[in-house]
Amino acid sequence: VAQHRKNMPVMFKSGFNLTVQCLTEYKGRLHVSVLYEKVANGECIAEFDLKPDYYQFEFHKQAKEGLMLSYAKAYHVKGQPRFSVIWTNEKAEISGTRHNVSKYGFLFELKEAAKKNFYAKCVSCYNNEDVLNFLASWNK
């Protein structure tokens, strides 16, 4: 993780955007794997170890800046949910984001979004207090 934190700014300055950022906890240590993509004039902000409430705050902050959530993945640290996210300057109409949604709530929201021609851009699931929850963002 420490090496990843050091490499990100170097890669961004070299014209690469982070496409995938996957984290997992194994034997008490956090491990990360990433994929970068060479882009022209791209803007990318990558964050990880976000608690669900802070993720919601960051989503609204980045949306106001005109950035779009292009990747989201839930994982666990010591049994608690954390999110890994990537924001880019792709152009899309964003409907919003949800987390801590049950499978039934997610299916209902997916159906309602489809009625308005919105689709789920990023979807991930995680356990929170022994309940399966979903994280999703909606675009048009």
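**Exercise 1. How many aromatic pairs does a search of the whole structure find?**

Solution. The structure is a predicted model. A search of the whole of it finds seven aromatic pairs.

**Exercise 2. Classify the ring pair of Tyr-54 and Phe-57, and describe its setting**.

Solution. 
1. A pair of aromatic rings is described by the distance of the centres and the angle of the planes.
2. For Tyr-54 and Phe-57, the ring centres are 5.5 Å apart and the planes stand at 35°.
3. Planes under 30 degrees apart count as stacked and those over 60 as edge-to-face, the rest being tilted; the angle of 35° therefore makes the pair of Tyr-54 and Phe-57 tilted.
4. Both residues belong to helix α2 (residues 52-64), where they are three residues apart, about one turn of the helix.
5. Partly exposed residues fall between the 20% limit for buried and the 50% limit for exposed. Tyr-54, with a relative accessible area of 40%, is therefore partly exposed, and Phe-57, at 47%, is likewise partly exposed.

**Exercise 3. Which parts of the chain does the pair of Phe-59 and Trp-87 link?**

Solution. 
1. Phe-59 and Trp-87 form a tilted aromatic pair, with 5.9 Å from centre to centre and 55° between the planes.
2. Phe-59 lies in helix α2 and Trp-87 in strand β5 (residues 80-88); at 28 residues apart, the two connect distant parts of the chain.
3. Phe-59 and Trp-87 are both buried.

**Exercise 4. State the number of salt bridges, then examine the one between Glu-58 and Lys-61**.

Solution. 
1. The count comes to four salt bridges.
2. In the bridge between Glu-58 and Lys-61, the closest N and O atoms are 3.6 Å apart, which meets the cut-off of within 4 Å.
3. Both partners lie in helix α2, three residues apart, about one turn of the helix.
4. Glu-58 has a relative accessibility of 1% and so counts as buried, whereas Lys-61, at 41%, counts as partly exposed.

**Exercise 5. Where in the chain do Arg-98 and Glu-109 lie?**

Solution. 
1. The side chains of Arg-98 and Glu-109 form a salt bridge, at 2.9 Å from N to O.
2. Arg-98 is in strand β6 (residues 94-101) and Glu-109 in helix α3 (residues 103-115); the pair, 11 residues apart, links distant parts of the chain.
3. With a relative accessible area of 37%, Arg-98 is partly exposed; Glu-109, at 18% relative accessibility, counts as buried.

Technical notes. Residues numbered from 1 in each chain as written. Predicted model: local features only at pLDDT ≥ 70, side-chain atom pairs only at ≥ 80, totals over all residues. Heavy atoms only, no water. Phe/Tyr/Trp six-rings, centres within 6.5 Å; stacked < 30°, edge-to-face > 60°. Helix = DSSP H or I, 4+ residues; strand = E, 2+ residues; numbered from the N terminus. Buried < 20%, exposed > 50% of the residue type's maximum accessible area, 1.4 Å probe, protein only.
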